[in-house]
Amino acid sequence: MDSTTPLTTDSHRRTDPTVPLQCGLCEKSDCMAYGVLSGVEAINGLYAGFFPVLIYSCLGTSRHASVGTFAVTSLMTAGIVKNIGSKIVAQANHTEATAENGAATLDMIPLDIRLQVMIAVTLAVGLWQVLMGVLRLGYFLAVFLSDHLVKGFTCAAAFHIFTSQVKLVFGIGRLEEHHGPLKLVYFYVDFFRIIRETHIPTLIVSLICITLLYLARLLINGNPRVMKIIKVPFPMELLVIIFGTLASYELNLESKWGVIIVKNIPTGLPVPVIPPYSIMPQILGRTFSLAIVASAVLISLAKIFATKNNYKIDSNQELIALGASNIFGSFFLCIVVTGGLGRTAIQESAGGSTQMVSLVSVIVVLIVLVALGKFLQPLPRACLGAIVMVALIGLLTGVLEVKKLWKVSLIDASIFMVSLLATLLLDVDYGLAIGVLYSLVVFAFRMQYGRVAVLGRVRGTLDEIKPLKDPMVDEVPGIKIFRLHGPLYSGNAESFVSEIRKAMPSNEKVLPICSVLNPEMESTHVINTTTATADQHSSGNDYADITMTTRRPVINIVQNNSPPVLSAGLQLAIQPMRGIIIDCSAINFIDVVGSEKLLRLVNECNKKGIRVVFSACSSSVRDVLYLSGVAAVLQEENFSNSVSNAINRL
């Protein structure tokens, strides 16, 4: 069976029979928390843990990745729900929309309008993802949405998500929400201005939950010794929900203490609804970035576990599977889903190795939907906020990643920081767009200014070629060797050819070869020959200006038609440039502009009596040189399979 099929061979089917139960319990608490984070109800998160999983399990190519809710996509969904929902309310009331300036909150928008916008967002995201899969853009996402760009974006988005939970955790009802640039600054200015209005009972519930969750994370799930014994993460989130619900019911937290509870969790499966297509034109543009983020998270997650377990995935099929899951989920009031990080990690660590685990685990969610939903209605919303905050610790500490990137690559570190700061200071949508744009600019810059190495021969050898920056490498007399690392295309062709032209003589006449008195000493000195005076021209001896790189004593200047004087008794030959070798081993392709530049260079060199040799050309590069006419002005021996052979031919 092919390695990209959704269900694997029998050798991969052995697994812990409790894995589906563990995955289902993990998904339950996260789904409820991220349903509220998305701007709708906790039940919509539970729906997302059931319906989309059925579709992805049948269409996905990853054996371990499982779809589920995710904090960043939930936050972006909430932003669209608030913006579009407030406009719909304003149109109905014939007033001006106020979502952009922060005067409107999600609580001011009726639930039915929020649900309509949410399912339209889920449908639009699914359509974008299917379209990208059909157009084979999975490779583009994997390449251009680099790991450091995604890490910078998700780390900054985690700060936005953390901020969105402050209202639930502190119980400050009139804390305004903001959108657009500097939204975090405006929010915390308002927060500290009215922090005295904190609802103490809500804060106490939040602190108890946060303490329990953090201690479990630190002492159990983050302790390698304990994890070696229990094998799977301890479900403290589930216990917080269970005991939080029981405490709320017994202590009557809502009516007696004013703690806000979940309240609306209907029992049973939802009736399919048709998404409101009239909203689609308003959200298509805004959902594109959301579709990109959701797709990148799933593809990255699937690739991590595929590499770890030694199999391959199809990125384009993953896009189609995820898009179909969201389209199907939109008819059942589901929020946007992407790769389920916690669920996938549990499944893989416990030995789950097929999508059958995901199919069985949804039974747990189904039981909650059908039979247990009404028992969770007293659950305080502060418990869900605490779950989200503690779950963000891993993403928030991702800011320390810049230290590692800084040591390895300053350019990659700059991509991380630009994506991080743009998302922090502006907004999630703007940050992603700026991060991608900056990444593309860096990519184009790297392509345009590809590293050009000047090569030479290792001292004492005949066929070992290395860059001249090595002190044990000498330049081959009369020959310049160039290697371009990367493609030769319109962006860097001119600069590459200019580097070669700098090494060429300034006129067409070349200096005659002098006799070599001591052949054991190769000429790698700087030799400056001055143009002869009028008297010298009469004798017919014209000397061109030639510069040869050296690391040995300098030779005296040739004057008055006298032979060169060698310092320190060195005896060597002054040789003109007789050949240029272009090492094509690191060139993966040449475009039309690059081939035209090479053709002009070859013609110039032919006029000067300088041979140009191309070495180690791949079949595709050689085909371009033949089809573009470069090979037509060269002889067959001007193509060599290695640099050392090219030197021997010259």
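The legends below describe close-up views of a predicted model of one protein chain.

**Figure 1. Overall make-up of the predicted chain.** The protein chain holds 27 helices and 9 strands, and buried residues account for 51% of its 650 residues. Among contacts between residues at least 6 apart in sequence, 80% join residues that are at least 24 apart.

**Figure 2. Spans annotated as transmembrane region.** An unreviewed UniProt entry places the feature "transmembrane region" at residues 117–142, 200–220, 232–249, 288–307, 319–341, 353–372, 379–400 and 420–445. Two of these annotated spans are picked out here. Residues 200–220 are 100% helix and 0% strand, with the end C-alpha atoms 29 Å apart. Residues 319–341, in turn, are 57% helix and 9% strand, and the end C-alpha atoms of this span lie 17 Å apart.

**Figure 3. The largest nonpolar core and the surroundings of Val72.** The largest nonpolar core comprises 103 residues, and those with the most contacts inside it are Met32, Val72, Val121, Ile161, Ile283 and Leu384. Helix α14 provides the largest share of this core, with 12 residues. A second, separate core consists of 28 residues, including Ala493, Ile500, Ile590 and Leu598. Within the largest core, Val72 is one of the residues with the most contacts; leaving aside residues up to four places away in sequence, Val72 touches Phe153, Thr154, Ala157, Ile161 and Val293.

Figure 4. The lining of the largest cavity is formed by Leu145, Val150, Phe153, Thr154, Ile292, Val293, Ala296, Val297 and Leu432. The elements that give two or more residues to this lining are α7 and α14, and α14 gives the most, with 4 residues. By class, the lining divides into 8 nonpolar residues, 1 polar residue and no charged residues. Phe153, Thr154 and Val293 belong to this lining, and these residues are also among those touched by Val72.

**Figure 5. The second largest pocket and the helices that line it.** About 1200 Å³ of space lies in the second largest pocket, which is lined by 47 residues, the closest to the pocket centre being Ala78, Leu106, Ser164, Lys167 and Glu177. At least two lining residues are supplied by each of α1 (19–37), α4 (71–93), α7 (147–164), α8 (166–170), α9 (183–193), α14 (280–308), α18 (381–391) and α22 (428–448). Helix α4 contributes the largest share of the lining, 7 residues. The lining as a whole has 18 nonpolar, 16 polar and 13 charged residues.

**Figure 6. Aspartate 190 in helix α9.** Asp190 is placed in helix α9, one of the elements that supply at least two residues to the lining of the second largest pocket. Asp190 counts as buried because its relative accessibility is 13%, whereas the cut-off for a buried residue is under 20%. When residues up to four places away in sequence are not counted, Asp190 touches Leu175, Glu176 and His178.

Definitions and conventions. Residues are numbered from 1 along each chain as its sequence is written. This is a predicted model: local features need pLDDT of at least 70, side-chain atom pairs count only at pLDDT 80 or more; totals for chains, interfaces and linings use all residues. Side-chain values use heavy atoms; hydrogens and water are left out. On a 1 Å grid over the protein atoms alone, a cavity is a set of points where a 1.4 Å probe fits but cannot get out, and a pocket is an open set with protein on both sides within 12 Å along at least five of seven lines; lining residues have an atom within 4 Å of a point. Grid points are joined across faces, edges and corners, and a volume is the space filled by probe spheres set on the points. Ala, Val, Leu, Ile, Met, Phe, Trp, Tyr, Cys and Pro count as nonpolar, Asp, Glu, Lys and Arg as charged, and the others, Gly among them, as polar. UniProt positions are given in the numbering used here, feature names are shortened, and annotations may be inferred rather than shown by experiment. A nonpolar core is a set of buried Ala, Val, Leu, Ile, Met, Phe, Trp, Tyr and Cys residues joined through side-chain atoms within 4.5 Å. Buried means under 20% relative accessible area, exposed over 50%, partly exposed in between (1.4 Å probe, protein chains only). Contact means heavy atoms within 4.5 Å.
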